[in-house]
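Please find below a short note for a colleague who is coming to this structure for the first time.

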Amino acid sequence: MKIIEAPADWPADAARARAVQDGLRARVILDEPGPPPGTGLVTGVDVAYDDERDLVAAAAVVLDAGTLAVVAEATAVGRIAFPYVPGLLAFRELPAVLAALESLPSDPGLVVCDGYGRAHPRRFGLASHLGVLTGLPVIGVAKNPFVFSHDALGPERGDTAALRAPAGDRRPDGEAVDEEVGRALRTQRGVKPVYVSVGHRVGLDNACAHVLGLTPDYRLPETTRRADRLCRQALAAATVTVSAAPRPGSGSPPTGAAPAAHRPSPPPE
DNA sequence: GCGACAG
DNA sequence: ATCTTGTCGC
């Protein structure tokens with residue numbers, strides 16, 4: 001197994017990471033509607049961590065958007081490239097996610113990731129960053145509203161409420177005050193909503209329609225559920241250990257790893 | 001200065 | 001994200 005390392009130019013601290021976001025933000029494309037819901041391919045990406053071993057495992061699972069059947073899967077394991085800092089999640093997750101996406105045998109189609117796109121303090125969340133780096137259409141689906149707020153929404157599946165930035169927010173891209181940066185979307189009756197925002201080359205209406213199509217039975221999209229299971233699996237299967245401080249006496253064998261799962265397994269349910 | 005804060 | 005038993009409900 002190959003261990004993914006962060007690119008040589010990966011930012012080393014929070015200040016540089018924010019500068020990278022500010023530099024890439026203008027490359028986000030917001031005026032494309034994106035692929036129509038219910039057709040084509042949809043790929044879920046997710047990441048799992050093992051701080052003890054300094055490991056991160058990413059998974060990408062491609063589904064048929066119409067049937068939600070698994071079409072392809074890929075995983076990647078790497079060293080943790082950045083600490084968790086709210087607003088800088090992309091720098092922690094992207095190296096492994098990019099590696100997983102690159103080893104997919106098929107085209108990803110629309111990519112769905114955990115977290116935010118435009119609903120971000122600097123309007124450049126994980127989904128935006130992934131979109132700019134790959135050129136793929138990407139949306140973000142988060143489980144929490146982060147720094148954003150919204151009015152109450154109806155109890156039915158499909159009910160929504162606009163996600164708005166707190167008053168006095170920075171608005172780095174010059175958006176209007178009260179701009180809708182994302183949407184709280186109820187995917188199951190009476191259940192806490194998910195928070196959808198646009199990443200790259202997809203409109204918000206389309207993004208929400210896709211998410212509804214991906215949530216016939218559960219609160220979270222099938223893409224996210226499948227990717228979540230797969231990356232945890234890959235992390236558990238990784239046999240890499242933290243490279244100990246090189247001691248003169250005993251030559252430490254280069255850390256090896258077991259092959260990560262790379263093919264569909266029998267549907268447990 | 002203090003608290004809040006996607007995963 | 002991750003650490004974790006029991007418990008309520010279909």
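1. In helix 2, the buried residues are Ala 90, Phe 91, Arg 92, Glu 93, Leu 94, Pro 95, Ala 96, Val 97, Leu 98, Ala 99, Ala 100 and Leu 101. The helix is thus mostly covered, with twelve of its 14 residues buried, and what covers these buried residues includes strand 1 (3–4), helix 1 (14–24), strand 2, strand 3 (55–64), strand 4 (70–79) and helix 3 (126–134). Please bear in mind that this is a predicted model.

2. As to its geometry, helix 2 bends by about 35 degrees at Pro 95. The end C-alpha atoms of helix 2 are 20 Å apart, which agrees with the 20 Å that its 14 residues should span at 1.5 Å a residue.

3. The largest pocket holds about 560 Å³ of space. It is lined by 28 residues, of which Tyr 84, Leu 89, Asp 114, Gly 115 and Ala 142 are the closest to its centre, and the elements that give two or more residues to the lining are strand 2 (41–50), helix 2 (89–102) and helix 5 (222–237). Sorted by class, the lining has 15 nonpolar, six polar and seven charged residues.

4. Of the 269 residues of chain A, 48% count as buried, and among contacts between residues at least 6 apart in sequence, 71% join residues at least 24 apart.

Note on methods
Residues numbered from 1 in each chain as written. Chains lettered and ligands numbered in written order. Predicted model: local features only at pLDDT ≥ 70, side-chain atom pairs only at ≥ 80, totals over all residues. Heavy atoms only, no water. 1 Å grid on protein atoms, 1.4 Å probe; cavity = no way out; pocket = protein on both sides within 12 Å on 5 of 7 lines; lining within 4 Å. Points joined across faces, edges and corners; volume = space filled by probe spheres on them. Helix = DSSP H or I, 4+ residues; strand = E, 2+ residues; numbered from the N terminus. Nonpolar A, V, L, I, M, F, W, Y, C, P; charged D, E, K, R; others polar. Expected span 1.5 Å × (residues − 1). Bend = angle between axes of the 7 residues up to and from the residue. Buried < 20%, exposed > 50% of the residue type's maximum accessible area, 1.4 Å probe, protein only. Contact = heavy atoms within 4.5 Å.
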